[in-house]
Structure formats: structure tokens, C-alpha cells
Amino acid sequence: MAMPEMDGVETFGELLKIRDDAKVIVASGYNDEDMAAQFPERSPSAFIAKPYSVAQISTKLRDVLRG
């Protein structure tokens, strides 16, 4: 969520401008509830808490891509 130039919410909005049906996973050190509150209009496809393992991100990616 905290990045130089643009934060996660702004980045999410810009991604949706490029492709409205983009599947976006937000990775953050904050919990899911705090993250969901940051996206009042439309939520990303999923959230994953940092730190995460390769197995955890693989599972999350698989789940999101399956819909």
C-alpha cells in the first residue's frame, strides 16, 4: 500500500482504467479488514498479508485466477 509516487489505492484505480476486469491481489502488512476499508468503491480480487511464503502466494494466485 505504501509505495513511492503512488499508493496502493491509486495504483488499483489506475489498473482498472487500463483493464476494468483486472484481477488484483493487494499485499500488505495490514489485516484484511483494514485493507478492505481502503477500497470503498470496489475491492481488489484478494488481499494477502505480508510476510507470505511462495506456497501462500501460489495458492492465492490460483484461487483468484479460478474465480
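Q: In this predicted model, exposed means over 50% relative accessible area. Why does arginine 19 count as exposed?
A: The cut-off for exposed is over 50%, and arginine 19 comes out at 51% relative accessibility, so it counts as exposed. You'll find arginine 19 in the loop that links helix 1 (8-18) to strand 1 (25-28).

Q: Why is glutamate 5 called exposed?
A: Glutamate 5 has a relative accessible area of 84%, so exposed it is. This residue belongs to the segment before helix 1. Glutamate 5 also has a positive phi, about 75 degrees, even though it is not a glycine.

Q: What is the peptide bond from lysine 50 to proline 51, cis or trans?
A: That one is cis, with omega near -10 degrees. Proline 51 itself falls in the loop between strand 2 (46-49) and helix 3 (54-66).

Q: How do you know how confident the predictor is, and where is confidence lowest and highest?
A: Check pLDDT, which runs from 0 to 100. The protein averages 92, and 100% of the residues score at least 70. Helix 2 (residues 32-37) has the lowest confidence, with a mean of 86, while helix 3 has the highest, at 97.

Note on methods. Residues numbered from 1 in each chain as written. Predicted model: local features only at pLDDT ≥ 70, side-chain atom pairs only at ≥ 80, totals over all residues. Heavy atoms only, no water. Helix = DSSP H or I, 4+ residues; strand = E, 2+ residues; numbered from the N terminus. Buried < 20%, exposed > 50% of the residue type's maximum accessible area, 1.4 Å probe, protein only.
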